[in-house]
Amino acid sequence: GGRAVGQRVRGQRVDVEEQISMCTVCGGDEVDPDGDALLLCDGSAADGSPCPRTYHMRCLSPPLAAVPEGEWLCPSCAAVAPA
């Protein structure tokens with residue numbers, strides 16, 4: 001589901017070893033000084049590998065107030081996702 005760096009998801013810590021841990025928009029690292037979570041996209045790249053994009057909730061347009069429930073797609077993956 002919606003995942004954020006350093007947060008527990010479904011009882012397990014998110015594995016960020018294979019994820020880029022810098023915001024795609026601002027380039028900031030895992031958690032900004034205000035505690036804004038860095039969301040990890042649940043989508044897939046064209047080659048089937050996990051989407052590498054990550055976003056601070058405040059850097060999205062519109063910004064998110066909370067980590068989404070369920071699957072979350074970054075703006076790029078959402079734009080190409082089947083309807």
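## Basis of the model

This is a predicted model, in which local features need pLDDT of at least 70 and side-chain atom pairs count only at pLDDT 80 or more, while totals for chains, interfaces and linings use all residues. Residues are numbered from 1 along each chain as its sequence is written, and side-chain values use heavy atoms, with hydrogens and water left out.

The pLDDT, which is the predictor's confidence in each residue on a scale from 0 to 100, averages 76 over the protein, and 67% of the residues score at least 70. Confidence is lowest in strand S2 (residues 8–9), where the mean is 38, and highest in H1, where it is 91. Over residues 6–20 the pLDDT is below 50, although this stretch has 25 contacts in the model beyond near neighbours in sequence; a contact here means heavy atoms within 4.5 Å.

## Overall organisation

The protein has 1 helix and 5 strands, and from the N terminus on its elements run β-β-β-β-β-α. Helices (H or I, at least four residues) and strands (E, at least two) are DSSP runs, numbered from the N terminus. Among contacts between residues at least 6 apart in sequence, 53% join residues at least 24 apart.

Of the 83 residues in the protein, 34% are buried, where buried means under 20% relative accessible area, exposed means over 50%, and partly exposed lies in between (1.4 Å probe, protein chains only). The accessible surface comes to about 5,300 Å², of which 50% belongs to carbon and sulfur atoms; these areas come from the Shrake-Rupley method with a 1.4 Å probe, and for residues only the protein chains shown count as cover.

## Nonpolar core and aromatic pair

The largest nonpolar core has 10 residues in all, namely Ala37, Leu39, Cys41, Cys51, Tyr55, Met57, Leu60, Trp72, Cys74 and Cys77. Such a core is a set of buried Ala, Val, Leu, Ile, Met, Phe, Trp, Tyr and Cys residues joined through side-chain atoms within 4.5 Å.

Rings of Phe, Tyr and Trp (its six-membered ring) pair if their centres lie within 6.5 Å, and planes under 30 degrees apart count as stacked, over 60 as edge-to-face and the rest as tilted. By this rule the count comes to 1 aromatic pair. Tyr55 and Trp72 form it in an edge-to-face arrangement, with 6.1 Å centre to centre and 75° between the planes. Because Tyr55 lies in strand S5 (residues 54–56) and Trp72 in the loop between S5 and helix H1 (75–80), the pair ties together parts that are 17 residues apart in sequence. Tyr55 and Trp72 are both buried.

## Cysteines

A search of the whole structure finds 0 disulfides, a disulfide being a pair of cysteine sulfur atoms within 2.5 Å. For Cys74 the closest cysteine sulfur is that of Cys41, at 3.7 Å, which is too far for a bond. Cys77 is likewise in no disulfide, and its nearest cysteine sulfur, that of Cys41, is 3.7 Å away.

Cys74 counts as buried because its relative accessibility is 0%, and Cys77 counts as buried at 8%. Leaving aside its neighbours within four places in sequence, Cys74 is in contact with Cys41, Cys51, Arg53 and Tyr55.

Glu71 lies in the loop between S5 and H1 and counts as exposed, because its relative accessibility is 59%. Arg58 is placed in the loop between S5 and H1 and is partly exposed, with a relative accessible area of 42%; Arg58 and Asp36 are 7.0 Å apart in space, C-alpha to C-alpha, and 22 residues apart in sequence.

Ala78, by contrast, lies in helix H1, and with a relative accessible area of 43% Ala78 is partly exposed. From C-alpha to C-alpha, Ala78 and Gly43 are 8.2 Å apart in space, while in sequence they are 35 residues apart.
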